Amino acid sequence: MHETRFMMGTLVSFTIVGMPKSAAEEAIHAAADEMQRVEDVFTIYGTVDNEIKRFNHAPLGQRVRLSDEINVVLHTAMRIQNQSHGAFNPALGALNQLWGFSKTPPPKHPPDQAIIEEKRQDLSHCLHEDQQGWWRDSAQCQLDFGGIAKGYAIDRGIHLLKKHGVEHALIDAGGDLRVMGQHGEHAWRIGIRHPRDAKKLLGVLHLKGDVSVVTSGDYERFFIDKGQRYHHILDPQTGYSSQRSQSVTVVGKRAMLTDAWSTAVFVLGKDAMKIVHKKPFQVLWVGKKGEREQSDGWHMLVQ
Ligand code: ADP
Ligand code: MG
């Protein structure tokens, strides 16, 4: 059973094997609805009203209550911000919107340097929480869950499939995915895209059980201006697209974590291998010149 839906700015495909068609269909619809709900809760784009947009426009210092669900994801994001020495930052919404990579058509030139400089200031510790709720201490401090919410949505989708009795499935949101069980007699086979040649693969992973694979790349939303590539993964230190990587793939159980860490490692570059080394992930890093580095257990995933 296979179905696709357009969500989170990408085509999301659901594959279920080893289950009667009608039950599989019902499970997919429940999972897809849940993922759409998650998108609506976390998005900073479009016209839906949500708590995050309200927070982003609340007066400075005013407390805003965020739902338990947002709290969990925000605390996770801030933990990863801390562990990645600020490379991952869930508060760069204003900077991200200034660049405008999510617009159609995408921009052709970078914004004015002085405005980038203004939006990048004071983002590292600008979010605060107390008994009354969350508040922000600068106008450019705006939540952006673009680096983590897709992973969280995939986790929720898998959760819903499990609740419907599904044992073998794949949810693929434009290359960011999570599998469960296996594909018939075999492992799930997952190709990792080459960052500079869409027809080539960096490798094929063979996965069984509960595993997510998330990639952050500079080839998804980008433009080239005067020979320089600008893309949607921003380095909070400079306010510009991070220049240290072409792509980073992280494999681990929860897609919320592999999603955020793929973005964090992308920004940090090769040095981040030391940080993720201690975590239950496998990582493939591709640098600016196409050079590669992989974690010790990566070869076990490639057969
Ligand atoms: P994709 O969404 O294409 O899978 P990522 O997971 O790497 O790619 O997330 C990129 C998105 O995350 C951006 O569109 C933006 O919303 C947000 N973002 C960009 N830079 C950062 C950063 N340094 N830390 C956290 N989020 C970021
Ligand atoms: Mg990410």
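Predicted model: local features only at pLDDT ≥ 70, side-chain atom pairs only at ≥ 80, totals over all residues.
How much area do domain 1 and domain 2 bury between them, and what share of it lies on carbon and sulfur atoms?

**Figure 1. The interface between domain 1 and domain 2.** Domain 1 comprises residues 2–36 + 148–300, and domain 2 comprises residues 57–136. The contact draws on 26 residues from domain 1 and 26 residues from domain 2. Between them the two domains bury about 2,300 Å², with 72% of this area on carbon and sulfur atoms. On the domain 1 side, Phe223, Leu234 and Pro236 lose the most area to domain 2, together accounting for 25% of what that side buries. The number of salt bridges between domain 1 and domain 2 is 0. A distance of 22 Å separates the C-alpha centres of domain 1 and domain 2.

**Figure 2. The largest pocket and its lining.** The space in the largest pocket amounts to about 1,000 Å³. Its lining consists of 37 residues, and Tyr45, Gly146, Gly147, Arg221 and His232 lie nearest the pocket centre. By class, the lining residues are 16 nonpolar, 14 polar and 7 charged. At least two lining residues come from each of α1 (21–42), α6 (149–163), β9 (211–217) and α7 (255–268). Domain 1 and domain 2 each contribute at least three residues to the lining of the largest pocket.

Figure 3. Beyond its neighbours within four places in sequence, Leu11 is in contact with Thr4, Arg5, Phe6, Asp172, Ala173 and Gly174. Leu11 and Gln83 are 72 residues apart in sequence, and their C-alpha atoms are 31 Å apart in space.

Terms used: Residues numbered from 1 in each chain as written. Chains lettered and ligands numbered in written order. Heavy atoms only, no water. 1 Å grid on protein atoms, 1.4 Å probe; cavity = no way out; pocket = protein on both sides within 12 Å on 5 of 7 lines; lining within 4 Å. Points joined across faces, edges and corners; volume = space filled by probe spheres on them. Helix = DSSP H or I, 4+ residues; strand = E, 2+ residues; numbered from the N terminus. Nonpolar A, V, L, I, M, F, W, Y, C, P; charged D, E, K, R; others polar. Domains from an automatic or database assignment. Contact = heavy atoms within 4.5 Å. Buried area = accessible area lost by both parts, 1.4 Å probe. Salt bridge = Lys/Arg side-chain N within 4 Å of Asp/Glu carboxyl O.
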